[in-house]
Amino acid sequence: MKTIRFTDGTTVPALGQGTWMMAEDPAHRSDEIAALREGLSLGLNLIDTAEMYADGESERLVGEAIAGVRDDVFLVSKAYPQNASRDRLQDACEASLDRLGTDRLDLYLLHWRGRVPLTETVEAMKRLVASGKILRWGVSNLDTEDMEELVASGGEGCQTDQILYNLTRRGPEYDLIPWLAQHRMPVMAYSPVEQGRLVAHPDLAGMAKERDITPAQLALAWLLARDGVLPIPKAGSIAHVRDNRAALDITLSEAELRRFDTLFPPPRGPEPLAML
């Protein structure tokens, strides 16, 4: 299985499991837990969640899904920006750990930038690492100038930037992704199928039909073909997570990659980082 290497040398599978919008409907809970467990059985051992998702219920769902196999999981969660201060981050982290039923996070991210100075967030993250509550830290939704400020604020230990990145959101390729590559920070790509909207894209559907695969698998395969990119799609059923896993086995030709650039052109200049 293809892997991604974080800044500290830790490797994880190049395809993870996202949980945004999970745990919002109790009727789907058992299916969502089954999907996460199936993903783990297929080798997709990175699970991403956040204190924001379903007001913490997503973390509780993940905690139930990984019960008994915690040591086999690379567990990621994210803190609200208002909780990223030296006074509040430890409490936020401990609350996440309690909901997840674990004693540590493998990776803890600032969910997006707020009013707390980055120097303070870096300090608070380092304290959590020193205490063993998190093993490493990173950020989400930070653009190039933010990342430059982060590193200048002592944040050279940042492991990743989780951003909105897919075929229709290629703006980061102009400056942010090259900057991250230069600093050996991989990209965690959320909403890799644009919250399902790419499935209905006629050009993508046509390409997928030629390969006898689904548009979602093709969109994931495009991301997986790019160096240092780790997509984290959500799957709410066993069948869905199996379909996602199959994207790892798809190899794209140079001609197909050029066709993607024609159908979904890369940026010609800098663009503000998009968020969902």
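M147 touches V139, L142, C158, D161, L176, W179, L180 and M185, leaving aside residues up to four places away in sequence. Touching, or contact, means heavy atoms within 4.5 Å. This is a predicted model, where local features need pLDDT of at least 70 and side-chain atom pairs count only at pLDDT 80 or more, while totals for chains, interfaces and linings use all residues. Residues are numbered from 1 along each chain as its sequence is written, and side-chain values use heavy atoms, without hydrogens and water.

**The core.** M147 is also among the residues with the most contacts inside the largest nonpolar core, together with L46, Y108, Y165 and F260. This core has 85 residues. Its largest share, eight residues, comes from helix 8 (residues 215-224). A nonpolar core is a set of buried Ala, Val, Leu, Ile, Met, Phe, Trp, Tyr and Cys residues joined through side-chain atoms within 4.5 Å. Buried means under 20% relative accessible area, exposed over 50%, and partly exposed in between (1.4 Å probe, protein chains only). In soluble globular proteins, nonpolar side chains tend to be buried together.

**Helices.** Helices (H or I, at least four residues) and strands (E, at least two) are DSSP runs, numbered from the N terminus. Helix 2 (residues 57-65) has the buried residues S58, E59, L61, V62, G63 and A65. They pack against helix 1 (29-41), strand 4 (46-48), strand 5 (74-79) and helix 3 (89-100).

Helix 1 has another partner. Its axis and that of helix 9 (residues 238-246) come within 8 Å and cross at roughly 30°. Axes are lines fitted to C-alpha atoms, for helices over the stretch in contact, and angles run from 0 to 180 degrees between N-to-C directions. Angles under 35 degrees count as roughly parallel, so helix 1 is roughly parallel to helix 9. The contact is made by A34, A35, E38 and G39 of helix 1 and I238, V241 and R242 of helix 9.

Which residues other than glycine have a positive phi? A23 and S191 do.

A27 lies in the loop between strand 3 (17-18) and helix 1. Is A27 buried or exposed? A27 counts as exposed because its relative accessibility is 57%. A27 and R86 are 59 residues apart in sequence and 38 Å apart in space, C-alpha to C-alpha.

How values were computed. Angles under 35 degrees count as roughly parallel, over 145 as roughly antiparallel, 65 to 115 as roughly perpendicular and the rest as oblique.
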